[in-house]
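I opened my notebook to look up two things here.

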Amino acid sequence: MIPVRVLTGLLLTATLAACTAARPGPEREALLEQYPDTEAPVPASSLLTDDTVLKRHVREYGPAKTMEALVEASHAAGMDCHNRAHEFGRMSFEEFGSDVFKLVLPECHSGFYHGAIEAFFAENGTDELQENLSAICIDGLNGFFTHQCLHGIGHGLMAWSDYDLPATLEYCNLLERDSARSSCRTGVFMENIVGSLDDSTEARARGHVSKYVSDDPHFPCTIVKEAYKGDCYFLQTDRMIELSKSGFEGVARECEKAPAEYHASCFGSMGRTIGGRFRSNPPEAIRNCQFARATENRTECILGAGQDTFWDKQGERLAVEYCALVPETEGKDRCYDMIIARSEEVLKPEDRRPFCELLPEHDKSDCLSNI
């Protein structure tokens, strides 16, 4: 049986994609209609620490109101809410069953869906996993969510193979399109890093340790097939930063040591890693990208960090703030183009115009022209 935690990556993004793109169905309406249309109380910090308080809030006000309260409490405390949302998702599944997957609750970087999916497999097992895999990446998803879905499959396949990296990379080749195989491989490489380095009590109990992590900041990119190296370097800076004694300056030097054809992947990865470390601090994210010596590498880094700002509606203002700070010579126009394209993928139609109004005049016109 595949460890439950790792199935997070497998099904999370597909579930989120389907929910985000879909209009609320009867099941979602039925779940929400259990609760009066009244305001929940001002969230207490105990939502972040006390399971009894969190469970009571879920039962009394429902998942949607609880998510609002959890986000507000985490902002007030200056805490990331992703891990706490795991517990929230598990509780919600135990209370309401599979209907929770029809809710649109992507906040806290989708921790709610992580926990709910873990609870689903704890209850139902993985006997029909292959059938689930074939139904995950449904037709009609846009490019962003299709990638996220296939990336999630890579996470799950890596765990399924007990962290056998070479074998899992070949499993990705079962997908028909080259782009799908690439997306799958990025999930494999990410799970190789984050899964094997997870030092939590739960991870130690699972006993999953990858043989494909070492003190060489370029390993395993140095040993995989040439066709897989670009996807490997696109995730490798998550490992490089763990090994670096000089922070992202050291990461930049390592990316420069990679073969030239993989510099774009590595510096884009550096930006993504920076974005995760400094998600609410655009000036610091951009500053750390300045360790890249070449302009084109700085630009790749800056755009990589910028993408991490905008995964849902809650990130739209941060994304605009970020692009406003990008130097003209290092991708400002590309940054605005990127977040306009992202808005078309992650925002509901009724939210597109208000987003466009946040942009500078020229970019606002471009944005509005596509509505």
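I started with Glu361, which forms a salt bridge with Lys364, the closest N and O atoms being 3.5 Å apart. A salt bridge here is a side-chain nitrogen of Lys or Arg within 4 Å of a carboxyl oxygen of Asp or Glu. Both residues lie in helix 20 (residues 361–368), three residues apart, about one turn of the helix. Helices are DSSP runs (H or I, at least four residues), numbered from the N terminus. Buried means under 20% relative accessible area, exposed over 50%, and partly exposed in between (1.4 Å probe, protein chains only).

I noted the ground rules. This is a predicted model, in which local features need pLDDT of at least 70 and side-chain atom pairs count only at pLDDT 80 or more, while totals for chains, interfaces and linings use all residues. Residues are numbered from 1 along each chain as its sequence is written, and side-chain values use heavy atoms, with hydrogens and water left out.

How many salt bridges does the structure hold? I found 19. One of them pairs Arg239 with Asp215, with 3.7 Å between the closest N and O atoms. Arg239 sits in helix 12 (residues 237–243) and Asp215 in the loop between helix 10 (201–206) and helix 11 (226–233), so the pair ties together parts that are 24 residues apart in sequence. Arg239 is buried at 10%, but Asp215 is exposed at 67%.

I also looked up Glu316 and Lys313, whose side chains meet in a salt bridge (2.9 Å, N to O). Glu316 is buried at 8%, and Lys313 is partly exposed at 34%. Salt bridges also link Arg253, Glu256 and Arg293 in a network.

Then I turned to helix packing. Helix 13 (residues 247–257) and helix 14 (residues 263–277) pack at about 165°, their axes 9 Å apart. Axes are lines fitted to C-alpha atoms over the stretch in contact, and angles run from 0 to 180 degrees between N-to-C directions. The two helices are therefore roughly antiparallel (an angle over 145 degrees).

Which residues of helix 13 meet helix 14? I listed Phe248, Val251, Ala252, Cys255 and Glu256. Their partners in helix 14 include Phe267, Met270 and Arg277. Contact means heavy atoms within 4.5 Å.

Terms used
Parallel < 35°, antiparallel > 145°, perpendicular 65-115°, else oblique.
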